Amino acid sequence: MALALQTFSTVKDANAALKAAGTRYLGGGTLVVRAANEGDVSVSSLIRSTEPVLSAITVSGSEVHIGASVTMAAIARHPDLAALSGAARAVGGPAIRNMATVGGNLFAPAPYGDFTVALLALDASVSTDGGDLPIETFLAKRESHHAIVTAVGFSLPVDGGFRFLKVSRVKPKGVSVLSIAAVLEQAPDGTVSSARIALGCMADRSMRAKAAEKALLGRKLTSDGIAPALAAASDGTSPVTDPIASAWYRNEVLSVHLGRLLLG
Amino acid sequence: MELRKSYFADQRKDDLHEIGQPRPRSDSPGHVTGKTAYFADRNFPGMVHLKMVRSPHHHARIRSIDISEAEKHPGVVKVLTAKDVPHNVYTILILIQIGPEDETVLADGKVRWKGEAVVAVLAETERAAQEAAAKVKVDYEVLPAVFDMEEALKPGAPIVNEYHGQNYYLYDSGECRKVRFGDVEAGFAGADHVLEQTYQSSPIEHAPTETTGCVVAPEGNDRFTCYTNTQAMFFTLDNTSIILQMPGNKLHFVGGTVGGGFGGKVDVIVEPIAILGAKLTGHPVSFIYSREEEMQISSPRAAEKVVIKDGVMKDGRIVARKVTGYTDAGAYSRHSPYGAQKGAGHYPGPYTIPNVWIDTYCVYTNRTPSSAMRGFGVTIGDFALEVQMDKLARLIGMDPLEFRFINAYRDGDMKAHRQPTEGAALIECMQEASRAANWPVAEKYLAMSSYAKGA
Amino acid sequence: MAIRRGRGVAAINYPTGMNLGGDPTQALVHSTPTGNFMVTLSSVDLGQGMKQIMAQICAETIGVPTDRVVVDTADTDTGPHCMGTFASRGTHRAGNAVIQAAREARQVMLEVAAEELEVNASDLETDGLGNILVKGAPQKSISIFDVALSAHFKRGRSISGRGMFLIPRSYPEKETGAMKPSTCYAHACTVAEVEVDDETGEVTVLTVKNVFEIGRALNPKMVEQQLVGGSWMGISHALYETTEPYYPSRDHGGTDFNQYLMPGPGDLAQTEIIVLERPSADGPYGAKGPGEMCANPQIPAVANAVFDAVGVRIDTLPITPERILRALKAQAGAPN
Amino acid sequence: MAKVPVQFTLNGAEKAEFIDSGTTLLHALRDKIGDTSPKGGCHQGTCGACSVIIDGELRLSCLTLAETCNGATITTTSGLSEGGVLHPLQRAFLDAFATQCGFCTPGMIMAAKVLLDHTPNPSREDVVEALSGNICRCTGYEPIIQAVLTAARSNSQHAA
């Protein structure tokens, strides 16, 4: 079967079309068209929807909704999303960022998916026509998920509360050795009152560093203060081994980079 | 960049008009406007696309190949197997009498590396060729494979390539190319220190931005024009002529600007099968490596292992050097016997050493055949030699740069392969590096010259 | 955390041309009716600028400006045989063939000019601008334009020449390895300065100072192109590149430019290039092949600099952060 | 196979073609329209040789389906010079000897053009970032970075 593209004006119609065999949703094309170019003949029909909501960014107060078709470049330049621009800019080079979408990033396997690491730390919700799911739940079963992701939603972190780090071998664009996103809240005395830390490349998809989060509570962001969190950073990780780095290396340097992010 | 004209001024006349002038490149206007024609910029009506079915196994016997479903696939024009290739077993260096023929254009009975070409599918679109390729059924009996050169050289290792009969290339000098100069064991015996170290590399890809490929157009008169990015026009034409048993006058090769070579486009891989496809179908044929093929299927620079044993005196003189080099050819020879031999001519490096022993081996393993790359036979050897030089200098407590001056070759010095040194300039390069990098060395080294002693 | 700095040196030589010789290249040169010159070859331009260099060599030899020369190459129907563009042989082998062909064409050109000027050909010289002058009496001259017209339409002479360059093949002696691998060698010395992060094993190459001796810089800007690009590739080989990161395991080979690592534009070392010229006896205008050797000395120089910085030897390429980190941990006696 | 119409403006000229659905813009430009200045270096989105400018944004034509470009304005490197006069970026690449094999050059120039369109006086860091999706194997990048910085300077002088 030759490859063909079907375009629908509504998500609903696109979802219906996706029920057919051999279909796949086309976001920015960076994963799906690449697979077709590389000879993946399992997909014969690409489905997309042009429903405007998919391309919308809405910010009301601290509540943010980003349509699934919004590109990394659009996030990076959005004045209300300045806190996230570093994470959006961590994806690909300029051309890729003009194409790669928020929705697509949720499905990108390690070592890709850096923006999803940020979304996981933000504890985003992932929306489909069927409703919303916490991102952690969504990621755990993303392969079995067939409805089109329409948007992600999250609350903006407090000023300076969001930290992001991507470690790559090649600069400035290389893919991840690992990436770390952290959303931290600190009490007036500087102790950490709330922490969410997400890791990229430390498993086949973004994961939370829950032991490190817990170990950070009530501690100050000093070398001594973060030591228990660093010691717990690798709890539960099963990093990928790939051409960029081995699982051993990723585990070895995770705490180093987490420490630098927390103290930075 | 700075030209330092003060060196060797007595050997050079700077009286030229065009040579030495930074003339603009005649090809650049085409590059910056996108007008330069690369082979893939040719498009012909009715052109069909060739996709290769490749071995998923490192080493396997082929029990059977079933192409019937692929042939029936819509858009498919032709499916080629080994029996379609007139002279299927070949080796490219046969042109300079380096045999035996040891590689198949399309696998016949056996595959020896993961990615080896088994069946060629020609179809009206790339997609149809990909779909049909997925319908080719090959029944394999997986065989034990060997990836490590040391393992491959052990008795009882699986034989990678029966055309050689053993897992190394057999030179006229035996299992390796040898250089023997002086008495290396006596040199070690008399040395103040002996240091033996092992160096290792893994395969390296040329990674040109333009992948390997060709576009073939039948001229309608039994001649075929092949637009190709080969680095060697007649080398490719003549090998194609042998493989296709087609007189050379039926072949017309057109090259031009190549989108980067670095040694990666001197194997003769895409042209013969594409021309065969054009001959058997009457269609123009395009066969262009995907980036994945360029990365993992096209020949890389060989992995090498280099063992260096040196005898050195406290005063800095290297008195004996023994080098054993292993070149991982992968499953087939291609240019590797030549590269391993080039290493034998390159060691012991640009140093004058009275006792030298060199063995270089070309070893077969079940991996992608390696071949030429920028610095072929030398690059990895230089890494090993020059790290070894650093270690030796530190071993005897000497500055690494001064240590090199002491041993540097000069005009007239006899090399291990028994050629007198001519035109040496290592000393002057090091003198200039000492200045440029502010790496001080004793005055006596700055006063040295590559010219023959006493000249 | 400590960023530790070190520097290392390496010196190398490199043969010009196919190992052991036996690799011919031919060239044909002819003039058009208006005194432009065609060089016909089958050599391939890989991007190093072979066509431009052949034009300059032909122009120098004939005695015309380079823009009067057109190079037609890489067509087996028109160009005579060339062994190929590899082994740093393009400039050396094809350049010599072009010189020989251009000299023969120049001789015919001077003979026709001599007839026009009614002097001996041996009394003539070119001014490099497109004119032929009588030595010592430059007011007596003729343009190459007019000479070519005369040769074509009046005197029936073909201003053309044939060139062939072959280094006879050397066969290594079996027992001793006595052989002649090459007729000339280029040289280089590189000093590299690095920083190593001793907690992650990451290496930053701060500076590379490269001195290259290449016989003759036929076109200095093009030489610079190759040497700068080669220096980058050397660093790339030292620290990044492999198709089999876990060699000899065949697993995890990269299949794209994200996985096959090379330094990006944000990883560039400050690079200095110094060129020396010791003309080779048999090179075209003394040139040797710079294209390959320029990527070699950086590899050991970087390796030695890493040792200088952190005191561990990485004898396996590429020198990855992982290899450095493992070595540092072993050095510290920690289990790895 | 069903053909679908595509219509867009390419380098100032209206183009209309019938193509196979699912055809990438790269193939449509090269094989149907005959603009071979975008190069197919990987078809994976990892080399940048196919870069084109679509409605002012840098995009990879190898990962863009042509039929999603209906009504778009597309610029390629072959459309930059006007009346035989090279664009300042093209001139700068020539003068800086920033091309060797030339295969990456059209994509590099596209990436650089988008940068200069939005950031007329870029820092070196800006240039490095702008070129970061484009692979060059010959030059070591430095001459290309210098060419872009030179073009920016000549642009600003021209504007002043």
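How many residues of chain A are in contact with chain C, and how many of chain C with chain A? The count is 17 residues of chain A and 19 residues of chain C, where contact means that the C-beta atoms, placed from the backbone, lie within 7 Å. On the chain A side there are 9 nonpolar, 3 polar and 5 charged residues. Nonpolar here is Ala, Val, Leu, Ile, Met, Phe, Trp, Tyr, Cys and Pro, charged is Asp, Glu, Lys and Arg, and polar is the others, Gly among them.

Some housekeeping. This is a predicted model, in which local features need pLDDT of at least 70 and side-chain atom pairs count only at pLDDT 80 or more, while totals for chains, interfaces and linings use all residues. Residues are numbered from 1 along each chain as its sequence is written, with chains lettered from A and ligands numbered from 1 in the order in which they are written.

Now chain A. An unreviewed UniProt entry annotates residues 1-159 of chain A as "domain: FAD-binding PCMH-type"; such annotations may be inferred rather than shown by experiment. That stretch is 31% helix and 23% strand, with its end C-alpha atoms 52 Å apart. Helices (H or I, at least four residues) and strands (E, at least two) are DSSP runs, numbered from the N terminus.

Chain A also has an open, antiparallel sheet of 4 strands in the order β9-β10-β11-β12. β9 (162-168) and β12 (207-208) of chain A each have a single partner strand, so one side of each is left without a neighbour in the sheet. Strands pair if DSSP finds at least two bridges between them; β9(A) and β10(A), residues 176-186, have 7. Within chain A, Arg163(A) stands opposite Ala182(A) of β10(A).

In chain B, look at helix α3, residues 126-133. Is this helix buried or exposed? All 8 of its 8 residues are buried, meaning 20 or more other C-beta atoms within 10 Å of their own. They pack against β2 (48-54), α2 (68-72), β4 (76-80) and β8 (117-123) of chain B.

Last, chain C. The axes of α2 (residues 90-117) and α3 (residues 144-153) of chain C, lines fitted to C-alpha atoms over the stretch in contact, come within 9 Å and cross at roughly 90°. α2(C) and α3(C) are therefore roughly perpendicular, the term for 65 to 115 degrees. The residues of this contact divide into 6 nonpolar, 1 polar and 1 charged.

Methods
Two residues are in contact if their C-beta atoms, placed from the backbone, lie within 7 Å. A residue is buried if 20 or more other C-beta atoms lie within 10 Å of its own, exposed if 12 or fewer, and partly exposed in between; C-beta atoms are placed from the backbone. Axes are lines fitted to C-alpha atoms, for helices over the stretch in contact, and angles run from 0 to 180 degrees between N-to-C directions. Angles under 35 degrees count as roughly parallel, over 145 as roughly antiparallel, 65 to 115 as roughly perpendicular and the rest as oblique.
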